[in-house]
Structures are given as C-alpha cells and as structure tokens.
Amino acid sequence: MPELGSLVSKVRSKNAGPFWLTIDVFCDDPTTYTRVREGLKDATVARLFGVEQQLLKRFDIPALHVVKFSVPRPVVQGTRADRDMHGAGWACLLEELQID
C-alpha cells in the first residue's frame with residue numbers, strides 16, 4: 001500500500017484558530033481524488049490524530065480535488081504546553097499514512 005504523500009500533490013496542515021487545526025490533502029486529478037477520498041477512513045484519521053471520531057470534521061471538496069480535516073488542538077494555541085503553534089507538523093502524520 002502506498003503512503004498518502006506519494007499519491008497527492010500536497011498535504012498541508014495549519015492553524016485554524018486557537019482551538020482547531022486543519023489538514024488539507026490536495027490531489028492533482030479526479031481519479032486520485034476519488035482514491036484518496038475513499039481510502040481515507042474517518043476512524044483511521046481520528047485515531048492517527050488522537051481524537052474521538054465524533055470530533056473529527058471532514059470536508060470533501062470535489063470541485064477542487066481536496067479532502068480537508070479539522071481536529072481540535074490537543075492544547076490551546078500559544079499556551080506553555082503547545083509544541084506546534086502553527087500546526088505545521090500535523091501534515092507529516094497524514095502524509096505517511098498508508099491507504100488502499
């Protein structure tokens with residue numbers, strides 16, 4: 001099974017305010033988008049990010065060939081316990097996920 005990062009043009013994560021992170025998966029074409037959309041299971045993504053599945057927000061955007069996830073930050077942005085203030089490191093986790 002290939003890693004997600006080898007199938008798509010970009011996986012990007014970013015800060016979405018002090019309480020949320022957003023991870024975007026950009027696909028180059030409709031075929032890849034369909035494969036990624038069907039291969040990324042909500043339960044798997046929630047487990048990967050250590051959140052309960054009902055807290056995971058998913059947005060499939062076919063017109064842009066993008067699959068987007070939003071998850072609550074483990075700690076509030078900018079607090080002493082925050083180790084990734086901009087949320088940039090979360091993309092690496094999803095890039096390495098193997099999908100069908």
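Predicted model: local features only at pLDDT ≥ 70, side-chain atom pairs only at ≥ 80, totals over all residues.
**Strands E3 and E4.** Strand E3, residues 57–61, runs antiparallel to E4, and five bridges join the two. I picked phenylalanine 59 and looked for its bridge partner, which turned out to be lysine 68 in E4. Then I checked the hairpin that E3 and E4 form: four residues lie between the strands. Histidine 65 in this hairpin has a positive phi, near 60 degrees.

**Helix H3.** Which residues of H3 are buried? I found Val45, Ala46 and Phe49. They sit on the same side of H3, because the arc they cover around the axis is only 100 degrees. Next I asked what the buried residues of H3 pack against, and noted E2, E4 and H4. Just after H3 I came across another positive phi, about 70 degrees, at glycine 50.

**The nonpolar core.** I turned to the largest nonpolar core, which has 23 residues. Those that touch the most other members are Leu4, Val11, Val25, Val36, Leu40, Val71 and Leu94. I also listed the elements that give two or more residues to this core: strands E2 (20–26) and E4 (66–72), and helices H2 (30–39), H3 (42–49) and H4 (90–95). I took a second look at leucine 4 and left out residues up to four places away in sequence. Its contacts are then Val11, Val25, Val36, Leu40, Leu94, Glu95, Leu97 and Ile99.

**Cysteines.** How many disulfides does the structure hold? I counted zero. For cysteine 27, the closest cysteine sulfur is in cysteine 92, and at 17 Å it is too far for a bond; a disulfide would need the two sulfurs within 2.5 Å. Cysteine 92 is likewise in no disulfide. I then compared their surroundings. Cysteine 27 is buried, with a relative accessible area of 7%, whereas cysteine 92 counts as partly exposed at 42%.

**Aspartate 82.** My last stop was the loop between E4 and H4, where aspartate 82 is found. Is aspartate 82 buried or exposed? I put it down as buried, because its relative accessibility is 16% and the cut-off for buried is under 20%. Leaving aside neighbours within four places in sequence, I found aspartate 82 in contact with Arg73, Val75, Val76 and Gln77.

Technical notes. Residues numbered from 1 in each chain as written. Heavy atoms only, no water. Core = buried A, V, L, I, M, F, W, Y, C linked by side-chain atoms within 4.5 Å. Buried < 20%, exposed > 50% of the residue type's maximum accessible area, 1.4 Å probe, protein only. Contact = heavy atoms within 4.5 Å. Arc of directions from axis to C-beta. Pairing = 2+ DSSP bridges.
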